[in-house]
Amino acid sequence: MEAQPKKPLIVVRNLCRGYRMGTEQVIALRNVNLTIYEGEICCVFGASGSGKSTLLNQLAGMEKPNCGEIIINGVPITKLDENQMAAFRQKNMGFVFQSYNLLPALTAEENVALPLAFSGVARKTRLRAARAVLREVGLGDRTRHYPTQMSGGQQQRTGIARAFVAKPRIVFADEPTGNLDSRTTTEIMEMMVRFLRTYRETMVMVTHNPELAVYADRIITMRDGSIVKDEYTEKGKNIHESI
């Protein structure tokens with residue numbers, strides 16, 4: 001049977017974002033146009049100040065653009081108000097952060113269950129789901145541990161479990177291995193790729209580390225607020241040859 005073309009999941013049109021710093025106007029994004037398809041693992045690569053983190057914030061609805069629009073799964077998120085965006089984010093997005101962003105007063109299972117709590121899932125049900133995902137990331141014996149009782153790698157595994165527990169359509173990752181050693185970085189990236197392939201989810205990862213690009217289907221390079229290169233890796237070409 002002939003492969004079906006992938007569907008566009010994220011569409012960015014003429015996106016601009018600037019900031020005023022004192023008397024100076026800083027342009028973070030310059031007329032960015034981009035389409036990301038379902039199931040892609042995209043690496044947005046660039047040096048500090050290239051605009052990659054600003055783009056991630058825009059895609060996640062954390063801030064509004066000065067011009068342009070973002071459409072995710074058919075919804076123009078740039079037109080949503082804060083409450084609508086929060087509800088959309090809870091339903092469609094998961095996040096993995098460099099600094100883990102775990103709440104120190106909560107156990108691993110309680111941290112992982114948070115997205116489900118925000119969605120109104122009953123406590124017993126969400127904790128059961130959290131424990132199941134923690135087992136999948138190799139932390140079945142750490143469910144009652146607090147962040148201070150875990151290593152950096154264990155905390156990031158907990159963060160990954162939290163990102164995937166609600167089965168989001170998109171996972172955004174901001175320098176997800178920036179605080180980890182090379183061996184743990186490999187383990188974390190291979191784990192995330194396995195989850196993404198298993199659940200057929202999309203990931204947009206921003207990084208300045210070229211070693212993470214090997215895990216991507218597609219590498220989007222930014223410089224001075226613009227996309228200067230957008231190319232599929234050999235792996236990405238094989239997966240998305242029908243696009």
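F195 and Y199 both lie in helix α6, four residues apart, about one turn of the helix. Helices here are DSSP runs of H or I with at least four residues, strands are runs of E with at least two, and both are numbered from the N terminus. This is a predicted model, in which local features need pLDDT of at least 70, side-chain atom pairs count only at pLDDT 80 or more, and totals for chains, interfaces and linings use all residues. Residues are numbered from 1 along each chain as its sequence is written, and side-chain values use heavy atoms, with hydrogens and water left out.

Start with helix α6 itself.

Look at the two ends. Just after the helix, R200 takes a positive phi of about 55°.

Which residues of α6 are buried? They are T184, T185, I188, M189, M191, M192, V193, F195 and L196. Buried means under 20% relative accessible area, exposed means over 50%, and partly exposed is in between (1.4 Å probe, protein chains only). The cover over these residues includes helices α4 (123-136) and α5 (152-164). It also includes strands β3, β6, β7 and β8.

Now the rings. The whole structure holds four aromatic pairs. Rings of Phe, Tyr and Trp (its six-membered ring) pair if their centres lie within 6.5 Å; planes under 30 degrees apart count as stacked, over 60 as edge-to-face and the rest as tilted. F164 and F195 have ring centres 5.0 Å apart and planes at 35°, so this pair is tilted. The pair links distant parts of the chain, since F164 is in α5 and F195 in α6, 31 residues apart. Both of these residues are buried. F195 also pairs with Y199: the centres are 5.8 Å apart and the planes at 50°, so that pair is tilted too.

Is Y199 buried or partly exposed? At 25% relative accessibility, Y199 counts as partly exposed, while F195, at 3%, counts as buried. K167 lies over the face of Y199, 4.7 Å from the ring centre. A charge sits over a ring if NZ of Lys or CZ of Arg is within 6 Å of the ring centre and within 35 degrees of the ring normal. Elsewhere, F95, F97 and F172 form one aromatic cluster.

Move to helix α3 (residues 108-118), where N111 is found. N111 has 1% relative accessibility, so it counts as buried. Its side chain reaches the backbone nitrogen of L103 at 2.7 Å. Leaving aside neighbours within four places in sequence, N111 is in contact (heavy atoms within 4.5 Å) with L102, L103, L106, P147 and R162.

Finish with a sheet. Four strands form an open, antiparallel sheet in the order β2-β1-β4-β5. β2 and β5 stand at the edges with a single partner strand each, so one side of each is left without a neighbour in the sheet. Two strands pair if DSSP finds at least two bridges between them. Strand β4 (residues 67-72) and β5 pair over two bridges. I71 stands opposite P76 in β5.

Notes
Polar contact = N/O pair within 3.5 Å; in protein donor to acceptor, adjacent residues only side chain to side chain.
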